[in-house]
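Have the structure open as you read.

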Amino acid sequence: MDIYSKGFALQPRHLRRFNGKMIAFFDGSKGKIEYPYVMIKRQEGYCPSLLENARVFQEIRTVENGRTVIAERLNHQSRLLTTGKGITAYTYKRK
């Protein structure tokens, strides 16, 4: 099983591949991945938080690429699972 398949449980180190994608948290705030940080949008501007922090990683509800949900979590205790949509694996083209 790889990161592009459906049902793969993501770890904080796997979010390196989703650099530049949007994240929604359980409290309703949104942020953008700039690995190893998440730039969380606040009223006073953007606030960086470390993705490797277990508390920040547990607060992630969805990872989105535009309107497509790449990964989602049902509640705080469940794992962050990929949906198999949005990101395509690199394919080699023969000449």
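Gln58 counts as partly exposed, at 33% relative accessibility (buried is under 20% relative accessible area, exposed over 50%, partly exposed in between, with a 1.4 Å probe and protein chains only). Keep in mind that this is a predicted model, where local features need pLDDT of at least 70, side-chain atom pairs count only at pLDDT 80 or more, and totals for chains, interfaces and linings use all residues. Residues are numbered from 1 along each chain as its sequence is written, and side-chain values use heavy atoms, with hydrogens and water left out.

Gln58 sits in helix H1 (helices are DSSP runs of H or I with at least four residues, strands are E runs of at least two, both numbered from the N terminus). Leaving aside residues up to four places away in sequence, Gln58 touches Phe26, Arg73 and His76 (contact means heavy atoms within 4.5 Å). With His76, a polar atom of the Gln58 side chain lies 2.8 Å from the backbone oxygen.

## Arg67

Arg67 is in the loop between strand E5 (60-65) and strand E6 (68-72). Arg67 is exposed, with a relative accessible area of 85%.

Here are two C-alpha separations:

| Pair | Apart in sequence | C-alpha to C-alpha |
|---|---|---|
| Gln58 and Ile40 | 18 residues | 15 Å |
| Arg67 and Gln11 | 56 residues | 22 Å |

Technical notes:
Polar contact = N/O pair within 3.5 Å; in protein donor to acceptor, adjacent residues only side chain to side chain.
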